[in-house]
Structure formats: C-alpha cells, structure tokens
Amino acid sequence: MTANPDTRWENALALIRENVSAEAYNTWFSPLVFEAFDEASKTLFLQVPSTYVYEYLEGNYVDLLTKVLHRTFCRGITLRYRMVQKDAKPAEEPDRNFDTQLNPKQTFRTFIEGSSNKLARSIGLNVAEHPNTTKFNPMFIFGPSGCGKTHLVNAIGNRTHELYPKKRVLYISARLFQLQYTNAKLQNKPNDFISFYQTVDMLIVDDVQDWLTAPGTQDTFFHIFNHLFRNGKRIILVSDRPPVELKGINDRLLTRFACGLIAELEQPNQQLCIDILNSICQREGIDIEPEVVTFIAQHTNSSVRDLQGVMASLQSYSIVYNCNIDLTLARRVLGRTVKIDNRPLTIDDILDSVCRHFNVTTGDVNSRSRKREFVTARQVAMYLAQKHTKMPASRIGKLIGNRDHSTVIHSCEQVENHIKTDKNFADEIASIERSFKLKKS
C-alpha cells in the first residue's frame, strides 16, 4: 500500500537530512511546511517563511529536491511554494520605530559640489527625489578614502526620508551587516534577518569591499539584492574601488553591482577644498582670512576628513588660547595633525623614480613598445602606483601608457610574483620606494 502524502514528505525530509549538513537542514528545510499533494497533476504544495528561502532552495538545492521527491512521491513532480510570513505588518503601514541609521548632519545642503563629485551628486539627488523609478538602480559609488562617499549616500537617504517619510530607508556598513548576519546564524535566525532586509525600500551599504573574504555574507546579500531589485526597491552601494577591482566578490554579485550606474568620486581639488573650508567657516561662524583658507587647502592631502579635523582643531585652539586663526596658528595645528611635508605621491613622482632607476624615459614607459626593459618599468610603475596612491586601476592605466584596468591588474600580479621569487628584484623595488621618502623629506 502506498504511503500517505504526509508520510512520504517525512521520508523525503529524512533523505534530505542524510545529504546535507545539520546547519543547512535546520536553516533551509526545517522551516518548510507540507500543505498537500495533488496526485492528478503531480503537484506538491509547500509553505515557505519568505521568498528568500524559496529563492535559495531553487538556486542551491533544486537538484537534490527533484531527486528526493522523484523517489518518495513520483517522477515528473512539480513543486509549488506559498509564502506565509507570521505577524507581517501591512506593506503601507509606516514603522515609526524604524531606525534609518542615517547621519542627519550629512545632507545635500552641506555636501559642496565640485568637479570631482558633480556627476555623482547630481544623480544622487535625482535618485533621492525619484526613488520609485528604476533608473540608476543599483547606484554604485566608489572613490578613495576622504572624498565624501559616505556623506553623499547619507544625503541621498536623508533627502528620500524627508520627501517620503513612509519609506523604510536604511544605511548600514558592510561590516555591521556581516556581524548581524553572523549573529543571526549563531541564534539560528537567518530567516528573520533576511525577512527584515527584504522590507527595506532603500538599502544603502557602505564599504562593500569589506566582504572580500566573506562568501557567506555575499551569498546572503545576493538573494536580498535580487528580492529588492525585483520589487523595485532602491539599492545604493559604496566602495573604495570599482566593481571590476573587487577581487574576492563572487561573479554573480559583481554583475549585479555593475548592472546599474557606476559613479566615481575623486579626491577634491584645491578649489573644492577651499569651497568646503569656506562652507565650514560659514556654518560654524569662524572668522578666517582667505590666505589661511588657501594654506590649509594646499596642505591637507585633498581629504574632506582632514579639512574637517583641521578646522575643528583650529577652532578649539582659538577658543582655548583666545587668539585669532592666522597663518602662524594654522602652521602649528597642521604640523600636529596632517604633516605639512607629507605630500601624497603622484603618478609623476612614481614615474620619475622608476624611470631613473631603470634608465628609461617616461616616453618609453608610455609607449606601445614591448622591449623588456620598457615593459618591466611600466609594470613596476603600475604596481607602485596601486600600492602608494588611492587611485583605481582604471585611472592608473589611463595615466601610465593609456592602458585599461585589466593591464594594471595583470602588471601588479606579475610584479608581486617576481618579488616573491627574486630577492634581487625585491631589493630593487624597495630601493625605489626609499627614493620616494627621500624626495618627500
């Protein structure tokens, strides 16, 4: 006599348990609830607690499920899922206790526009004011530390929250997201974690490069991304490098990072630094001479954070010692905070040292010649540029021989391998790097 459907489902679960780890079984199969089996249509109906569980099963265990159900039910069986979320809130009901984790001080009003951020700022404002459109989704913002990425995405989130208070806008760092996911796994509540993120209308994740060595977190975010994207929700991602340089992020996630808009923020030039300083002075009521503003802008390594830190220090010194903010005070404060002589290396500095060491010219390095000495110098220059500057590979390639980012990545790998296997070559690289320090001293 053929067993009843409930018994056959229990048999199916027993077979599954034998073929997956206990953790995988408890996470993905225990939450399933058998509803019914229609003999005529050969259709099995299951309840799932979230679309994420369904998506994960279909993406990772469909072959196992098919084989097991063929054995316990019949061949040609069809699976049908029904999502049942317990205690789910109505979709349109605003959650007044929802914490956006946005910095209320980082708005578009305080984000000063310049040539290095104009495109990203303009598109970011458009996204904030029209979050329901699919244009520019996802938005991937990248650039070196201190160029204003975090300020910009907080400004986007704050503007959206201001215009659409019912929308659930969430800013979170990649590291905190990973920590939350790890804790959810330890508490055997990964589905609760995933369900929460699937309710967000605008998800902003900062520093996604921190996931390079976290495949489990990547996998979970992949399914959350798919759910939000498919349902027209906004996704904004921030990194210190473009998607093509995120080694360690799996390919299927990278394709999603790159399927919308990729916007680069560059380090602010001197004029933007001056504009930022003037804006800070105006907001804080600081009286400062233009020549002092220019001096600070010239000696803060083009970092917005450095500008803010220097101004805070100058203001404190001025109050404590009851003195004006003049050039003398500015020199004193900058000497203790950002090291006036510590000018960041440029591509020209690096090319100059590399060419001198290998006895070649800049024209040789930038040429299309495949002569061995030119290729070596070119690869070393690219390697040192990536190591000692904050530029992405695409920018380095453009400035050194007008190559693409893949050439830069390949060159860096070649030099790294050569350093590991040839002590003399490693000593040569070290000698070039010492020359950087001599030039700056």
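1. Let me begin with Asn-117, which sits in the loop between strand S3 (78–83) and helix H5 (118–129). Helices (H or I, at least four residues) and strands (E, at least two) are DSSP runs here, numbered from the N terminus. Asn-117 counts as buried because its relative accessibility is 4%; buried means under 20% relative accessible area, exposed over 50%, and partly exposed in between, with a 1.4 Å probe and protein chains only. Setting aside residues up to four places away in sequence, Asn-117 touches Phe-111, Ile-112, Leu-265 and Leu-272, where contact means heavy atoms within 4.5 Å.

2. A word on the ground rules. This is a predicted model, in which local features need pLDDT of at least 70 and side-chain atom pairs count only at pLDDT 80 or more, while totals for chains, interfaces and linings use all residues. Residues are numbered from 1 along each chain as its sequence is written, and side-chain values use heavy atoms, with hydrogens and water left out.

3. Now the overall picture. The protein has 20 helices and eight strands. Its C-alpha trace spans about 95 × 60 × 35 Å along the principal axes. The radius of gyration is 28 Å, whereas a compact globule of 441 residues would have one near 22 Å; the radius is taken over C-alpha atoms, and the globule rule is 2.2 Å times the number of residues to the power 0.38.

4. Among contacts with a separation of 6 or more, 74% are between residues 24 or more positions apart.

5. The surface and charges are quick to state. The accessible surface comes to about 23,000 Å², and 47% of that belongs to carbon and sulfur atoms; areas come from the Shrake-Rupley method with a 1.4 Å probe, and for residues only the protein chains shown count as cover. There are 55 positive and 49 negative side chains, and the centres of the two sets lie 2 Å apart. Lys and Arg count as positive and Asp and Glu as negative, while His and the chain ends are not counted; each charge is placed at NZ of Lys, CZ of Arg, CG of Asp or CD of Glu.

6. Please look at the hairpin next. Strands S1 (residues 33–38) and S2 (residues 43–48) pair in the antiparallel sense over five bridges, pairing being called if DSSP finds at least two bridges between two strands. Val-33 stands opposite Gln-47 in S2. Four residues lie between the strands of this hairpin, and Lys-42 takes a positive phi near 55°. Lys-42 belongs to the loop between S1 and S2 and is partly exposed, with a relative accessible area of 38%.

7. Two further backbone details deserve a glance. Asn-359, in the loop between helix H15 (347–358) and helix H16 (362–366), has a phi near 60°, a positive value in a residue other than glycine. Asn-359 is exposed, with a relative accessible area of 72%. Separately, a cis peptide bond joins Asn-137 and Pro-138, with omega at about -5°; Pro-138 lies in the loop between H5 and strand S4 (139–142).

8. Which strand pairs with S5, and in what sense? S5 and strand S6 (residues 202–206) are parallel, with five bridges. Ile-172 has Val-205 in S6 as its bridge partner, and Ser-173 has Asp-206. Four of the five residues of S5 are buried, so S5 is largely enclosed by the rest of the structure.

9. Val-169 is buried, with a relative accessible area of 0%. Leaving out neighbours within four places in sequence, the contacts of Val-169 include Phe-98, Leu-102, His-161, Met-202 and Ile-204. Val-169 and Thr-199 are 30 residues apart in sequence and 9.8 Å apart in space, C-alpha to C-alpha.

10. Finally, S6 itself. Five of the five residues of S6 are buried, so S6 is largely enclosed by the rest of the structure. Side chains in a regular strand alternate between the two faces of the sheet. In S6, Met-202, Ile-204 and Asp-206 point one way and Leu-203 and Val-205 the other way. S6 also runs parallel to strand S7 (residues 234–239), joined by four bridges, and there Val-205 has Leu-237 as its bridge partner.
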